[in-house]
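Dear colleague,

Please find the structure below, handed over for your use. My findings follow directly after it.

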Amino acid sequence: TRRRLRHTECACYFQRCRMGVRNPHLHKGIAMRLVVSLFLVMVLARVSFGQADADAAAAEKVQAALDKAGKNRGQIETALTKVPQPERLAMRFLVENMPESDLQNLTSEFLLENVHEAHLAMAAAPWKDLVPPEIFLNNVLPYANVSERRDNWRKDFRSRFAPMVKDAKTPGEAAAILNNKIFPLLNVRYSTKRRRADQSPLESIESGLASCTGLSVVLIDACRAVGVPARFVGTPLWTNKSGNHSWVEVWDEGWHFTGAAEPAGDALDKAWFTGRAATALRDEPMHAIYAVSYKKTPMLFPMVWAGQESKVYGVNVTDRYTAKKEKLPDGYVQALFRIYQKNGDRCAANVTLLSGGKPVFQGKSKDERFDANDHLAAKVRQGEEYEVEIEHAGTKIRKKIKVGSNEKIFSYQLDPKLP
């Protein structure tokens, strides 16, 4: 029934578009909607190529975003139709996941420049081939971090900061250089006398003062402007109840942390809060550590300065800060597990490893509340065969695994009928 409806809609849209061609006086706004509608229907029409489910979901997300745009719908439609073909996926990603207030206020000019500048920065980065597409989309492309004012910072920051990192070979090296140099250059420092916690980069530059939140926003935007994937991280309250804190994570073949305007020389993963972060509690919302995700997730990032009026999504990254690197005994390596549902989302499944029919490890895989690189880890003997039992929502599967001399990630998809 749904597919018949889609085909009926498709025919109607094509008919309307033909009418628009014959009628040169068709209202400009209606014509623009027809173009966007045609784009959405073309996506939905790819049934014969086996893309029906994924494309229908994508089109529905874009349509839902347009419906939320209200009087600003025309600006979002213009951005979707005028974006060059190589940048179309990025624009669609922005629109699908865009906060409602941005859908109702951002201009097509702002969005088109942001997407184009992000692609230019990534193309010029020596590490461009090391950055996965999903990391680019979620951690280089976004124009904002949390609830800050939406400034058009990208082009200006790229012209200012690209020369600073021209000799950097890795995103981590570039981020460390930026953290050492940009704050003295911009004359911005930490102060509790800042105007507000969630200042935009230009607000912090204008006042010269910023909180840890404002400083983090500046560093993240500087990183993104030169093609360094970066994201906002923080905790609502340290376990010793001494306050909250925000900092920055940078992608360099994995996530690494640093304090904004608190560089540890050229090193990452060193900061004054390292010990305090190690006491965080993953399952206690007030004491966990979260990273912002522009892409929508089942979890909201807790913005203690903004209350509940602003929706920003996030992932729980506590385990990476609390886990101390365990030295494995000789002859052992790690087996990492990630379990997916049919729709591609990770789920929290019970995982049991058996050797000789006896359980030797039990744990729960990470679902979408956690970072995509946060996997369930088990210690196993090199070269030994194990049976892995995976159970979730009444569905159980069994597989055999063997790990060589290096750790290995095992990914499994559960029964397609699993909800």
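A salt bridge is taken as a side-chain nitrogen of Lys or Arg within 4 Å of a carboxyl oxygen of Asp or Glu.

Please note that this is a predicted model, in which local features need pLDDT of at least 70 and side-chain atom pairs count only at pLDDT 80 or more, while totals for chains, interfaces and linings use all residues. Residues are numbered from 1 along each chain as its sequence is written, and side-chain values use heavy atoms, with hydrogens and water left out.

Salt bridges

Side chains of opposite charge can pair when their charged atoms come close. Under the rule above, the count is 22 salt bridges. One of them joins Asp198 to Arg196, with the closest N and O atoms 3.2 Å apart. Asp198 is buried at 11% relative accessibility, and Arg196 is partly exposed at 32%. Both residues belong to a network of salt bridges that links Arg149, Asp151, Arg196, Asp198 and Glu203. Another salt bridge pairs Lys166 with Asp167, at 3.2 Å from N to O. In this case Lys166 is exposed at 58% relative accessibility, and Asp167 is likewise exposed at 53%.

Overall composition

The protein has 14 helices and 14 strands; these are DSSP runs, helices being H or I with at least four residues and strands being E with at least two, numbered from the N terminus. Of its 419 residues, 48% are buried. The exposed surface comes to about 21,200 Å², of which carbon and sulfur atoms supply 51%; the areas come from the Shrake-Rupley method with a 1.4 Å probe, and for residues only the protein chains shown count as cover. Among contacts (heavy atoms within 4.5 Å) with a separation of 6 or more, 61% are between residues 24 or more positions apart.

Helix packing

Helix H10 (residues 171-186) and helix H12 (residues 212-225) have axes that come within 10 Å and cross at roughly 120 degrees. H10 is therefore oblique to H12, since angles under 35 degrees count as roughly parallel, over 145 as roughly antiparallel, 65 to 115 as roughly perpendicular and the rest as oblique. Axes are lines fitted to C-alpha atoms, for helices over the stretch in contact, and angles run from 0 to 180 degrees between N-to-C directions. The crossing of H10 and H12 is right-handed; that term applies if the near helix is turned clockwise from the far one by less than a right angle, and left-handed if anticlockwise. From H10, Ala175, Leu178, Asn179, Ile182, Phe183 and Leu186 meet Leu215, Val218, Leu219, Ala222 and Cys223 of H12.

Helix H4 (residues 73-82) packs with helix H7 (residues 108-124) at about 35 degrees, their axes being 8 Å apart. This crossing is also right-handed. On the H4 side, Gln75, Ile76, Thr78, Ala79 and Lys82 meet Ser108, Leu111 and Leu112 in H7.

Individual residues

Thr318 lies in helix H14 (residues 318-322) and is buried, with a relative accessible area of 0%. Apart from neighbours within four places in sequence, Thr318 contacts Ala280, Leu281, Arg282, Ala288 and Ile289.

Lys311 sits in the loop between strand E6 (290-293) and strand E7 (313-316), and is exposed at 56% relative accessible area. Although Lys311 and Pro99 are 212 residues apart in sequence, their C-alpha atoms are 7.2 Å apart in space.

Lys241 has a positive phi of about 60 degrees although it is not a glycine. Lys241 belongs to the loop between strand E3 (230-235) and strand E4 (245-251) and is exposed at 63%. Asp269, which is not a glycine either, has a positive phi of about 65 degrees. Asp269 is found in the loop between strand E5 (255-258) and helix H13 (274-277), and is partly exposed at 32% relative accessibility.

With kind regards

How values were computed
Buried < 20%, exposed > 50% of the residue type's maximum accessible area, 1.4 Å probe, protein only.
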